[in-house]
Amino acid sequence: MKARGTRLAGFGWAAPARRVANAEIEATLGLDDGWIERRTGIRERRWAVEGETLSGLAVEAGDRALAGCGIDRAAIGLTLLATSTPDQLLPPTGPLVAHRLGLTRSGAVDLAGACAGFLYALALAVSHVRAHGRPALVIAANLLSRRINFAERGSAVLFADAAGAVVVAPSDDPDRGVLGLSLASDGAGYGLVGIPGGGSSLPYAEGMPIEDTRMTIADGRGLFADAVRLMTACSGEALAEAGLAAEAIDRFVPHQANARIFSAVGAKLGVRDAAMVSTIAAFGNSSAATIPLSLALAHEARPIAPGETLLLTAAGAGLTGGALVLRA
């Protein structure tokens with residue numbers, strides 16, 4: 001049975017207990033006190049300790065989202081896990097997460113879309129729900145602390161570990177769900193940020209430098225400019241498709257890459273300051289996980305009410321990016 005609309009039925013988040021304040025990193029890298037917060041907006045971040053896994057974090061966030069939505073787990077038809085740090089390169093981690101959550105009738109797969117992964121997964125989930133009338137679970141999770149190159153300042157100060165999840169359910173109201181969508185890519189920026197080693201072009205080998213298996217930001221300024229450009233353009237297209245002005249957005253939930261990036265995007269779009277949702281100060285940049293983490297935390301602070309209009313946008317490695325306007 002096809003659904004006329006969709007709704008966000010449940011929200012969940014998870015993060016390791018270990019809090020890492022800027023002072024710890026600034027001392028390690030020889031930076032002045034306050035340097036990180038001035039340039040990124042981050043005050044602290046969460047890092048996993050030995051024994052914590054990506055799948056465990058994803059299960060915790062997914063369980064919270066499912067527990068709060070009132071939907072039978074046997075009804076979930078699709079589980080999507082957006083991550084750049086799966087438990088293993090093979091097999092995908094999504095089926096393990098779905099199994100641990102008791103989703104016995106759900107398809108499950110990973111989606112590697114870097115910082116924009118949650119938006120791509122959410123767009124796919126909405127299409128699945130509309131086509132089949134069965135709810136879907138979307139989780140984004142990363143353990144980026146295990147991919148930090150501490151010899152490189154750019155990645156050492158930014159990246160964090162966290163997970164966020166949403167349940168997308170069918171709705172009889174055609175005005176609920178995605179009102180506007182814009183997905184984009186720009187492969188010309190493929191080399192701006194990435195992990196060189198471990199793929200088929202540079203497979204793991206004896207004697208490979210450990211740095212080749214860690215995150216590298218080749219051009220921080222270029223990445224900043226491209227992220228602002230891509231997020232602003234996609235947001236404008238999504239708003240136009242929805243027939244809405246930026247001032248009509250109730251909550252603006254951007255990828256928490258860097259406070260200066262999403263502040264610049266909001267200013268260019270004309271989004272109201274009161275609509276901005278920001279979690280970067282306490283949680284840092286966990287790539288794809290930042291948007292669903294922010295949604296869940298915002299919902300805890302002030303529940304997202306039916307009829308609210310949300311703008312979600314992200315851009316990151318690849319380059320990949322996008323924006324969704326949706327009515328809750």
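In which sense do strand 1 and strand 7 pair, and over how many bridges? The model examined here is predicted; local features need pLDDT of at least 70, side-chain atom pairs count only at pLDDT 80 or more, and totals for chains, interfaces and linings use all residues. Residues are numbered from 1 along each chain as its sequence is written, and side-chain values use heavy atoms, with hydrogens and water left out.

Strand 1 and strand 7 (residues 161-171) pair in the antiparallel sense over nine bridges. Strands here are DSSP runs (E, at least two residues), as are helices (H or I, at least four), numbered from the N terminus. Two strands pair if DSSP finds at least two bridges between them. Trp-13 has Gly-164 of strand 7 as its bridge partner.

Five strands form an open sheet of mixed pairing, in the order 1-7-6-4-5. Strand 1 and strand 5 (107-111) are the edge strands, each pairing on one side only. Neighbouring strands are turned by 15° against each other on average, direction ignored. Helix 10 (residues 290-301) packs on the sheet. This helix touches strand 1, strand 6 (136-143) and strand 7 (contact: heavy atoms within 4.5 Å). Its direction makes about 90° with that of strand 1. Axes are lines fitted to C-alpha atoms, for helices over the stretch in contact, and angles run from 0 to 180 degrees between N-to-C directions.

Strand 1 (residues 5-14) also gives five residues to the lining of the second largest pocket, the largest share. A pocket is an open set of points on a 1 Å grid over the protein atoms alone, where a 1.4 Å probe fits, with protein on both sides within 12 Å along at least five of seven lines; lining residues have an atom within 4 Å of a point.
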